[in-house]
Amino acid sequence: MQNHTKVYMNFFGHGEQDFIPCEMCGSRAVDIHHIEKRNKTKNDYIENLIALCRDCHINAESDTSFNSYCRIEHLELVCRYIYALIDLNKKLNENRKQIN
């Protein structure tokens, strides 16, 4: 498994056999796309990695407007995921306080 795929799967907690939806259309993702080309960034950070089906990946590679839209949608997903983790952490801390 390539490093950028590991980074993506680890961030979202996916296993190798999990269904990973395309972030743009919801069908099965088959590629982890570098939103900003890999040779420019040389980094596999989550903000630059999006799960896409083959059709959306082809569109993202060939249409800069669609690729920009992918970036926006992906960053919104990452933010929602992080906020959910923060909320979960707050709830766990509240429960710990009640137990003690």
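Student: Which residue follows α1, and what is its phi?

Tutor: This is a predicted model. Helix α1 covers residues 3-12. The residue that follows α1 is Gly13, and its phi is positive, near 75°.

Student: Where around the axis of α1 do the buried residues lie?

Tutor: The buried residues of α1 are His4, Thr5, Tyr8, Met9 and Phe12. They cover an arc of only 130° around the axis. That puts them on the same side of α1.

Student: How is the aromatic pair of Tyr8 and Phe12 classed?

Tutor: Both residues lie in helix α1, four residues apart, about one turn of the helix. The ring centres of Tyr8 and Phe12 are 4.9 Å apart.

Student: Is Phe12 buried or exposed?

Tutor: Buried means under 20% relative accessible area. Phe12 has 11% relative accessibility, so Phe12 counts as buried.

Student: What kind of aromatic pair do Phe11 and Phe12 form?

Tutor: The centres of the Phe11 and Phe12 rings are 4.9 Å apart. The angle between the planes is 85°. Planes over 60 degrees apart count as edge-to-face. The pair of Phe11 and Phe12 is therefore edge-to-face.

Student: Which side chain makes a polar contact with the side chain of Asp31?

Tutor: Asp31 sits in strand β1, residues 31-34. At 14% relative accessibility, Asp31 counts as buried. Asp31 touches several residues, including Ile50, Leu52 and His57. The polar contact, at 2.8 Å, is with the side chain of His57.

Methods: Residues are numbered from 1 along each chain as its sequence is written. This is a predicted model: local features need pLDDT of at least 70, side-chain atom pairs count only at pLDDT 80 or more; totals for chains, interfaces and linings use all residues. Side-chain values use heavy atoms; hydrogens and water are left out. Helices (H or I, at least four residues) and strands (E, at least two) are DSSP runs, numbered from the N terminus. Buried means under 20% relative accessible area, exposed over 50%, partly exposed in between (1.4 Å probe, protein chains only). A polar contact is a pair of N or O atoms within 3.5 Å; within protein, one must be able to donate a hydrogen and the other to accept it, and residues adjacent in sequence count only if both atoms are side-chain atoms. Contact means heavy atoms within 4.5 Å. The arc is that of the directions from the helix axis to the C-beta atoms. Rings of Phe, Tyr and Trp (its six-membered ring) pair if their centres lie within 6.5 Å; planes under 30 degrees apart count as stacked, over 60 as edge-to-face and the rest as tilted. Lists of a residue's contacts leave out its neighbours within four places in sequence.
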